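Subject: Structure handover

Hello,

Here is the structure I promised to pass on. Please open it first, then read my notes beside it.

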Amino acid sequence: MKMDYLANAVKWVQNGYVISYYRNKPFFLLGAIPGEWVEFQILKENKNHGFGVVKNIIEKNPIRIKSDCQIFGECGGCFYRHIEYSEEIKIKLNLLCELSEIKDLILRGRYDLYVSPYVSYRNQVKVHFFKNQIGFYKMFSNTLIHLPDEGCRNLSIEFNKAIQNLYLNNKFKSITKEEKFYFIKNQLYYGEQTFIFDIPKNKTWQLSAKCFLQTNRFLIYEWLDWISRKIQNFTQKKKIKILELFSGTMLISSSFLEKIEYIEGYELNTDSIQYAKINLEKYKIKHQLIKKDLYKDKIFFKDHFDFIIINPPRKGFGNLLLQNLKDKNSPILYSSCNPITFNRDVIFLKKYGYKIFDFAIFDFFPRTYHLEIVALLAK
Ligand SMILES: C[S@@+](CC[C@H](N)C(=O)[O-])C[C@H]1O[C@@H](n2cnc3c(N)ncnc32)[C@H](O)[C@@H]1O
């Protein structure tokens, strides 16, 4: 194990870290607050910069609070458990102001902000099993950190208990080393197991635990409602044609099914495509679902859609898709879990005439550095 070093924490930067300088080299620290003198342990270092975690505070910033999780700073999932949630929101907004296409929207107050209860909010978790223990991987390593007795603070008490019980009942034999669990309506699901998710307007959506579902059980409905309202307000038409890219089970479009004349979806995950089909058939929506790797496969779609909905992974659109969108005219609804790649994609789209008409921030991931942002772009 490396020694502890002393540093002055300077400024919050992207991805939850506080930058500090040690021997004239920037170090990105987890668990520091600007203005503090801290001792830290180096986790990773190269010629130009390093990463570390705070081990001891020599001079404390008064906004520091005691973390409510014993493994904060070890598991690397959370970055803001040592400050109040209201401070975390301020930091997240300030960091958005570092991004050219978002700064002005924030400074002029042209955004909707949705915050979340900051504990027990996750409807899913990926845990690892190792030598009869449950836990998460330590930052920058594949060493396991055991979950404390009370479990992960981002899951409800019942969710934590359900995972523990599965373990105590010795059912882990059927589970792989790493497993994603969903906890929906007080019931645990994993692997091929299917569940029914309630969607707006008293409808239901069927998924398996292998499909993607947004994480925050409190904000998911407000997010769907925002998107559905913005899309419907933007078009005068009674019925619309939708293209969804990185479409998952098409949960986004599920929030305005009655408005859809035809929907086309592109997605890589076979399970998601299968369940999208089941749901669209149930509600008699004319559709076409196509399996494609949108980062590798060229796709050809017509310019006749009333809306293009794009909700990509953290990487953003990818070059192939950006080239494809250059000569399109349809409005775009872009929901992103990575403001940095969102900003890069919007810079590109702007060159071809798109601009942002509406913008919202959904803090789907309290205590972590992640954030969901949504924009309606049109020419
Ligand atoms: C953020 S999720 C959005 C899903 C959907 N909008 C929803 O809310 O259920 C991103 C989706 O992109 C899919 N995906 C990941 N990599 C992909 C790729 N290379 N090509 C196509 N789809 C991909 C994932 O399977 C996932 O369903």
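For what follows, Ala, Val, Leu, Ile, Met, Phe, Trp, Tyr, Cys and Pro count as nonpolar, Asp, Glu, Lys and Arg count as charged, and the others, Gly among them, count as polar. With that in hand, the shell around the ligand splits into nine nonpolar, seven polar and three charged residues. Keep in mind that this is a predicted model.

**The ligand site**

Which residues come nearest to the ligand? Of the 19 around it, they are Phe246, Gly248, Leu268, Asn269 and Asn311.

Start with Gly248. It lies in the loop between strand S14 (240-245) and strand S15 (260-267). Is Gly248 buried or exposed? It is buried, because 22 other C-beta atoms lie within 10 Å, and the cut-off for buried is 20 or more. Leaving aside neighbours within four places in sequence, Gly248 is in contact with Cys211, Phe212, Glu267 and Ser272. Tyr275 is 27 residues away from Gly248 in sequence, and their C-alpha atoms are 8.7 Å apart.

Phe246 is in the loop between S14 and S15. It counts as buried, because it has 24 C-beta neighbours inside 10 Å. Look at its backbone too. Most residues other than glycine have a negative phi. Phe246 is not a glycine, but its phi is positive, about 55°.

**Two exposed loop residues**

Phe140 also has a positive phi of about 55°, although it is not a glycine. Find it in the loop between strand S8 (133-137) and strand S9 (144-146). Phe140 counts as exposed, because it has 11 C-beta neighbours inside 10 Å.

His304 is in the loop between strand S16 (287-291) and strand S17 (307-310). It is exposed, because 10 other C-beta atoms lie within 10 Å. His304 and Arg110 are 194 residues apart in sequence, and 30 Å lie between their C-alpha atoms.

**Helix H2**

Helix H2 covers residues 100-107, and its buried residues are Glu101, Ile102 and Leu105. Why are they on the same side of H2? Because they cover an arc of only 80° around the axis. Helix H1 (85-96), helix H7 (339-351) and strand S19 (355-362) are among the elements that cover them. The face of H2 turned away from the buried side carries exposed Ser100, Asp104 and Leu107. Gly109 follows H2, with a positive phi near 70°.

**Helix H3**

Helix H3 (residues 157-168) has 12 residues. It reaches 16 Å from first C-alpha to last, close to the 16 Å expected. Phe159, Asn160 and Ile163 are buried in H3. They are on the same side, because their arc around the axis is only 100°. On the face turned away from them are the exposed residues Ile157, Glu158, Asn165 and Leu168.

**Domains**

The domain assignment gives domain 1 (4-64), domain 2 (112-117 + 218-378) and domain 3 (124-197). The centres of domain 2 and domain 3, taken over C-alpha atoms, are 30 Å apart.

Best wishes

Note on methods:
Residues numbered from 1 in each chain as written. Predicted model: local features only at pLDDT ≥ 70, side-chain atom pairs only at ≥ 80, totals over all residues. Near = placed C-beta within 6 Å. Helix = DSSP H or I, 4+ residues; strand = E, 2+ residues; numbered from the N terminus. Expected span 1.5 Å × (residues − 1). Buried ≥ 20, exposed ≤ 12 C-beta atoms within 10 Å, placed from the backbone. Arc of directions from axis to C-beta. Domains from an automatic or database assignment. Contact = placed C-beta atoms within 7 Å.
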